[in-house]
Every structure is written in structure tokens, then in C-alpha cells.
Amino acid sequence: MMQLLSDESYMRFALELASSAQGQTSINPVVGCVLVKDGRMIGMGAHLRRGEAHAEVNALLMAGDEAEGSTAYVTLEPCSHYGKTPPCSKRLIEKGVKRVVIAAQDPNPLVAGTGIRLLREAGIQVDVGVLQEEATVMNEVFNKFIVTGMPWVTLKLASTLDGHIASRTGDSKWITSEASREYVHMLRHQHQGIMAGADTVLADDPQLSTRLSVPALQPVRIIVDGALRVPPSARAL
């Protein structure tokens, strides 16, 4: 007899799927979904890009007719409104999913509990809060923007133990490791914009780009230069 995994185990896998799309969904949240039936994962999916199919839809497509009577593990409450794509809660109902396990409720006012309500009104068992903290942290950028309208700002700073960022002569030297520099480029991939001041651009002539060993998204380059001192030949331009 096949041993069944716990709700937490399936949800953790859904979170891994969601994490794989970090930085690719623009202002949309990252979401992962796993469909399970009789102890087997029959479908899985993630929301990969804004405007494209949501995680639940991709998982349902993979499962096909087997989706009927299955349990869906979703890292964020299924949407209930028409945007660039149809509502996922409706698709789950149409495909005959019998139970939906949700990590976190969607703070978007267009959803905010209505997806859960629609599923329950259709007779589907809905459980909320499995690995909620992990799911909330994963979408902290989206959550802040959708609740406050403010952007998420990340400060990147490299300094020595005594608080210096350059040598005594003002020359810029590498004080970080190769691993930390690769992490910085991953952060750039996950952000929509990268900002630097005119002094930094004049001193270092940075590219302000994402450079990874795999194809990556390029952030909008923003230079704070009130006096227009940065020349057109700067590599960031």
C-alpha cells in the first residue's frame, strides 16, 4: 500500500515550485501548485510569467482527467476574478477537485477570501494555513506592494569589518567573494530596477546588469544624477 505524505510535505514541494519563478512574475506573486490523488502527484505547476497561466491551471493541464477527486496544494489562495487570465477557483471547481489546501490567503482586495468562499460554496473542502509563514515570506515583495502601494527596496552594501567600502585612496577593490557576487546578480534578476548614484557610476563605471550563467531578467537601470554628470559613454547607458 502506498504511504501517504503529509499536507506539509506536499505544500513544501509546491513552495519549491513557486520559488523557481522568483523574479519572473513582475508585480504578480509567485505561486506553486501540486495535485495529489491516491497518494500520487498527478499534476504540478508554477506561475511563470505575468499574463501567462497560473500555477493551478498548469497543474490541472498536467493532471488531465485525473484531476477529478484530487487534492490541490496551492501556496496562495486561488484567484476569483477575471484579469489577464480567468479565475483559478472556477477552474478547480470545474475540474472536480474535492479538496484544496492553501498556504496563505491572498491580500489582494480583488481576492482576499473570495476564492476560498467560492470553493467552499461549491462543496470543496478548504484548509488554510499550511506552511503559511514560509508562503508569506516568499511573496513579501508582492504583499507590501498590494497592501501599501509602496515598492520593496533592497539595499546592497559591501563593506569591511571596520565599515569601509573602499581603500584609503578611494580606489574600489573587491571585498566580497565570488559566491556573494553571484548572489547579488540573483537579487538583480529578482528585482525590477537597480539604482545607483552618479558618484558610483563615475567612479566604478558599472554595467548595472544581471550576469548569471543562465538566462536572466535585466532590471531597469536608474541613475540618480541631478547635475547630469554621467557621460553618455557610461556602460550603464
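Does Glu121 count as buried, partly exposed or exposed, and at what relative accessibility? At 56% relative accessibility, Glu121 counts as exposed; the class limits are under 20% relative accessible area for buried, over 50% for exposed and partly exposed in between, with a 1.4 Å probe and protein chains only. This is a predicted model, in which local features need pLDDT of at least 70 and side-chain atom pairs count only at pLDDT 80 or more, while totals for chains, interfaces and linings use all residues. Residues are numbered from 1 along each chain as its sequence is written, and side-chain values use heavy atoms, with hydrogens and water left out.

**Overall fold**
- The protein has eight helices and seven strands, taken as DSSP runs (H or I of at least four residues for helices, E of at least two for strands) numbered from the N terminus.
- Its C-alpha trace spans about 70 × 40 × 30 Å along the principal axes.
- Of the 237 residues, 37% count as buried.
- Among contacts (heavy atoms within 4.5 Å) with a separation of 6 or more, 67% involve residues 24 or more positions apart.
- UniProt, in an unreviewed entry, places the feature "domain: CMP/dCMP-type deaminase" at residues 5-127; such annotations may be inferred rather than shown by experiment.
- Residues 5-127 are 30% helix and 23% strand, with the end C-alpha atoms 16 Å apart.

**Nonpolar cores**
- A nonpolar core is a set of buried Ala, Val, Leu, Ile, Met, Phe, Trp, Tyr and Cys residues joined through side-chain atoms within 4.5 Å.
- The largest core has 39 residues, and those touching the most other members include Met11, Leu35, Tyr73 and Val97.
- Elements that give two or more residues to this core include α1 (7-19), β1 (32-37), β3 (71-76) and β4 (99-104).
- The largest share, six residues, comes from α1.
- Beyond residues up to four places away in sequence, Val97 touches Leu35, Leu60, Ala67, Gly69, Ser70, Ala72, Leu92 and Ile124.
- A second, separate core of eight residues includes Ile194, Ala198, Val201 and Val230.

**Aromatic pair**
- The count comes to one aromatic pair, where ring centres of Phe, Tyr and Trp (its six-membered ring) must lie within 6.5 Å, and planes under 30 degrees apart are stacked, over 60 edge-to-face and the rest tilted.
- Tyr10 and Tyr73 form this tilted pair, at 5.1 Å centre to centre and 35 degrees between the planes.
- Tyr10 in helix α1 and Tyr73 in strand β3 are 63 residues apart, and both are buried.

**Salt bridges**
- The whole structure holds seven salt bridges, each a side-chain nitrogen of Lys or Arg within 4 Å of a carboxyl oxygen of Asp or Glu.
- Arg99 and Asp7 meet at 2.7 Å, N to O; Arg99 lies in strand β4 and Asp7 in helix α1, so the pair ties together parts 92 residues apart in sequence.
- Arg99 is buried, at 16% relative accessible area, and a network of salt bridges links Asp7, Arg99 and Asp127.
- Arg117 bridges to Glu121 at 3.2 Å; the two are four residues apart in helix α4, about one helical turn.
- Arg117 is partly exposed, at 42% relative accessibility.

**Arg188 and Val220**
- Arg188, in helix α7 (residues 178-189), is buried yet has no salt bridge, the nearest side chain of opposite charge being Asp204 at 9.1 Å.
- Val220, in strand β7 (residues 220-224), is exposed, with a relative accessible area of 53%.
- Leaving aside neighbours within four places in sequence, Val220 is in contact with Gln192, Gly193 and Ile194.

Key. Lys and Arg count as positive and Asp and Glu as negative; His and the chain ends are not counted.
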